[in-house]
Amino acid sequence: MSNKSIQAQLTENIKKICGEHGIEPIWLKDCGIDDRNRANKKQKKIWVRNIRDKGDYAAALHEIGHVIRDPDECDPLAVLNANLNAWKWARDNHGHEFDDKSWKRLHSSLSKYKADVSDLADAHEVHDLLKEAEEKVPSLKPVAPNLGTVRTSHLPKKDK
Ligand SMILES: [Zn+2]
């Protein structure tokens, strides 16, 4: 299959899955905006970028997972858990379609949300899914359970 027809096929899949769950997909490009993917559970809508590869495809599945599984809270741990659940939904139901780009998208997304939570328990199950991605794609940089991403933006700037 050519790239064009693969993209068309993946796009059709997303439309079909949305249809099965009563979700309205909105293509950011049609709105003339180049924004980040997002989901609104109350409105049962997802806003997604055009699907060029399975990374984009996995990201769109993840937004569907948000509509299906999001709680109505918003502290960093709740946000991490919501994103973990959305990725789990995407992996549980469509993981057999994931390629390296899909797993990389999952890994970078969860690493980011994990870094926002201070004192995250080593046993938190986000580490299981990160590890699973690292096993699927050996080139991924492992995210240690107890370290997270080192963030320096809160440190005072040194005078030159
Ligand atoms: Zn998300």
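Predicted model: local features only at pLDDT ≥ 70, side-chain atom pairs only at ≥ 80, totals over all residues.
Hi everyone. Let me start with confidence. The protein chain has an average pLDDT of 88, and 89% of the residues reach at least 70. Please be careful with residues 147–160, though: the pLDDT there is below 50, and the stretch makes six contacts in the model beyond near neighbours in sequence.

Now the inside. In soluble globular proteins, nonpolar side chains tend to be buried together. Here, the largest nonpolar core contains 29 residues, and Ile46, Tyr57, Ala58, Ala60 and Ile64 have the most contacts within it. At least two core residues come from each of helix 1 (3–20), strand 3 (45–48), helix 2 (54–69), helix 3 (76–94), helix 4 (100–115) and helix 5 (126–136). Helix 2 gives the largest share, with seven residues.

Which residues does Ile64 touch, leaving aside neighbours within four places in sequence? Those are Ile17, Cys18, His21, Ile23 and Ile46.

On to helix 5, where the buried residues are Val126, Leu130 and Ala133. These three sit on the same side of helix 5, because they span an arc of only 60° around its axis. Their cover includes helix 3 and helix 4.

Finally, two loop residues for you to look up. Lys44, not a glycine, has a positive phi of about 50°. You will find Lys44 in the loop between strand 2 (38–40) and strand 3, and it is partly exposed, with 14 C-beta neighbours inside 10 Å. Asp119 also is not a glycine, and its phi is positive, near 60°. Asp119 lies in the loop between helix 4 and helix 5 and is exposed, having 7 other C-beta atoms within 10 Å.

Key:
Residues numbered from 1 in each chain as written. Core = buried A, V, L, I, M, F, W, Y, C linked by C-beta atoms within 7 Å. Buried ≥ 20, exposed ≤ 12 C-beta atoms within 10 Å, placed from the backbone. Helix = DSSP H or I, 4+ residues; strand = E, 2+ residues; numbered from the N terminus. Contact = placed C-beta atoms within 7 Å. pLDDT = per-residue confidence, 0-100. Arc of directions from axis to C-beta.
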